[in-house]
Amino acid sequence: MGDLSVNNSIFSSRDGSDPPSVPPCMSVDKVLPALLECFGIILCGYVAGRTNIIPATQAKGLGSFVSKFALPALLFKNMVLLDFGDVIWPFFFSILVAKVTVFFFVCVLTLLVADRESRFSKAGLFSIFATQSNDFALGFPIVEALYRNTHPEYLQYIYLVAPVSLMVLNPLGFALCEVQKRRTGEPQQQRKLRVLGSVLLQVVKNPIVFMVVIGVISHFLLGQKIPPFMEEFLDGLANSFGGAALFYLGLTMVGQLKKLTRSTVVALILLITAKLLVMPLICRGMVEVLDRGSRSSMNHTSLSNYAFLYGVFPTAPSVAIYASHYNMELEVVTSGMVIGTFLSAPIMYVSAWLLTIPWMDSDPLASALQHVSFNISIISLLALVWSVAVMLLSRKFHRIPHIFTINLFVAQLLACVGMIAWIFMAEQDNFLGQVLTFTLLYGSLYSTFIWPGESFEFVCSITSDSTPLNTTWSTQHQQCASTSCLLVEDEQKETDRQNTDIQSTRHVLVCLLLTVSLLANLSSCLWWLFNKDPGRLYLELQFFCVVANFGQGLISFAFFGLDKHLIISPFKKRLVSLWQGWGQEVTGSAASEEIRLTCTQFLTYHKEQCVRDIVHKKRCGERSTTETFLGSDLVRWLQSVGLSSGPGDALAYGSRLLEGGVIQHITLQHSFQDQALHYRFTNNQMRK
């Protein structure tokens with residue numbers, strides 16, 4: 001742990017020489033506006049999808065426009081205008097080798113550990129996930145903000161490197177998926193021929209690949225110029241790509257994290273680690289090796305930094321389309337795309353800032369590291385105070401494994417207090433105070449790596465026994481006196497099962513993330529021990545360790561700081577009541593008329609068919625039955641008969657039926673939800 005004992009030796013070579021004084025080559029001050037622009041548009045798309053302003057069917061249309069018209073036009077235009085004479089080919093081959101290395105590493109590892117029934121398809125999809133970047137929608141604006149004034153020629157590398165995945169690596173992944181597809185249901189003869197034909201057809205049908213090939217051919221035929229009659233047409237399509245692609249990316253994120261389950265957590269974390277950590281390090285390392293001839297020039301350093309940033313670009317949303325096509329690991333891919341996209345933002349910003357640090361003096365670096373430690377500790381301390389308060393007010397600290405979690409929170413809080421105290425104590429001549437502060441700091445910090453192990457072991461043992469995780473110590477079983485007792489108990493069991501899965505997933509995620517932090521600290525110590533000149537990447541690792549160690553409270557807050565029953569549900573109810581009150585004042589009559597028309601239409605034309613399709617007689621007591629249906633069944637039925645265009649629209653339709661008195665929950669305790677809750681039509685009578 002070198003984050004506290006920072007001194008000039010960390011930031012210079014061990015022989016005492018100072019780092020080179022070279023001015024930075026990037027416009028770092030423009031990175032934050034570019035990130036805000038990109039993620040602001042993504043947020044707009046997410047809000048539009050979450051509020052059902054743009055249904056899922058319309059989102060698919062926007063996605064088709066982006067992938068089949070706007071992006072191919074953008075690629076064609078830039079491939080025609082690409083100046084191959086300015087290309088530094090070692091950079092291109094560095095990215096190629098890095099992508100191929102990560103692709104085959106993920107592929108081989110998946111083939112070794114995955115089950116036989118799906119290992120080939122998992123290997124293909126996971127390898128594509130780890131290597132296909134969102135180069136154009138998200139990567140290009142960042143590169144433009146960084147290098148537009150210093151190295152504008154770097155922008156063209158985006159168009160040169162992107163086809164590597166589309167034309168070389170993705171077909172290999174498709175081939176593995178097709179092999180799995182044939183192994184599960186096709187005859188042995190013709191397998192190789194059909195697999196090869198299917199893969200080639202997938203590649204040829206891709207308009208992006210097709211337009212890249214046509215663009216390269218046109219580059220030589222047209223003399224690196226676009227004819228005037230085509231120029232404005234291509235510009236119109238190409239210029240529409242940026243905002244539309246980011247907006248569509250936000251739309252595709254709606255509801256994806258709900259698909260995350262405990263069984264997908266480990267694969268998800270490993271994939272995100274390969275994409276956001278391993279890929280950028282290999283990209284930069286390959287530039288250092290293959291572009292060795294220009295080591296003395298500043299351009300070499302700039303290229304290696306650019307390669308690192310390129311590797312951080314998150315996974316493209318098109319990978320989710322591939323997963324859906326092969327009906328394989330859709331939960332992992334979609335959840336990973338969402339998490340990776342939002343994790344890439346701070347990584348890109350911090351990396352761009354850190355890559356300018358090696359040209360600074362050692363004293364400002366030590367001061368910067370201490371300021372980062374102090375600031376992140378204050379923010380984390382506030383988050384932990386909130387999280388502990390939520391844990392106490394919700395009385396979760398009595399439950400297992402939350403009893404281990406509250407101890408972890410206290411250890412993290414004391415570590416932040418120790419870091420803040422150390423900043424002040426280190427400047428004073430008080431030996432005893434420094435020893436006590438040091439003991440508090442490191443005792444608390446190392447205990448944060450012990451408590452997750454206890455919690456993880458307990459979660460695994462409890463999960464294997466199928467015991468609910470929210471069991472208290474003083475547990476009491478309460479009998480339900482309702483006539484719908486059995487159905488209510490079924491709902492409660494399903495709710496308990498979902499809560500168990502959510503809670504175990506949260507604890508496993510926290511444990512794995514803190515394990516990554518522990519490994520980073522171990523790597524930092526070994527790096528400094530065995531390297532004579534740690535180099536610039538060691539400095540970046542030091543900053544990562546500082547953020548990971550004293551920013552643990554932010555992770556805890558993200559997973560446990562927003563209690564559903566204590567915070568989210570009351571806030572949501574309050575917001576809904578305010579919205580409904582405002583809506584009734586403004587459009588009260590219109591809303592009532594819409595509910596009336598929906599109920600009348602449903603009762604007149606659709607109720608009988610709906611009853612036949614989804615309503616079933618179920619036992620609700622020892623001698624009583626009732627006819628009910630699940631909310632999730634009605635949502636699917638409304639979509640299947642064309643009364644709604646997507647899950648959000650179906651949920652709104654069902655809510656209008658409930659508000660109009662056509663349906664109701666069996667205990668009148670729930671609004672209409674797309675879950676395994678029991679509802680019935682109001683005119684059905686209980687039969688005994």
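Predicted model: local features only at pLDDT ≥ 70, side-chain atom pairs only at ≥ 80, totals over all residues.
Before you start: residues are numbered from 1 along each chain as its sequence is written, and side-chain values use heavy atoms, without hydrogens and water. Local features need pLDDT of at least 70 and side-chain atom pairs 80 or more, while totals for chains, interfaces and linings use all residues.

**Stop 1: ring pairs.** The whole structure holds 28 aromatic pairs. Rings of Phe, Tyr and Trp (its six-membered ring) pair if their centres lie within 6.5 Å; planes under 30 degrees apart are stacked, over 60 edge-to-face, the rest tilted.

Select Phe 39 and Phe 342. Their pair is tilted, 5.9 Å centre to centre with 50° between the planes. Phe 39 sits in helix α1 and Phe 342 in helix α15, 303 residues apart. Helices are DSSP runs (H or I, at least four residues), numbered from the N terminus. Phe 39 is buried at 12% relative accessibility; Phe 342 is partly exposed at 45%. Buried means under 20% relative accessible area, exposed over 50%, partly exposed in between (1.4 Å probe, protein chains only).

Next, select Phe 91 and Tyr 306. This pair is stacked, at 5.2 Å and 5°. Both residues are buried.

**Stop 2: a cluster.** Select Phe 602, Phe 629, Trp 637, Tyr 653, Phe 672, Tyr 679 and Phe 681. Ring pairs link them into a cluster.

**Stop 3: two helices.** Select α17 (residues 402-425) and α22 (residues 552-560). Which residues of α17 meet α22? They are His 402, Thr 405, Phe 409 and Gln 412. Contact means heavy atoms within 4.5 Å.

Methods:
Axes fitted to C-alpha atoms, helices over the stretch in contact; angles between N-to-C directions.
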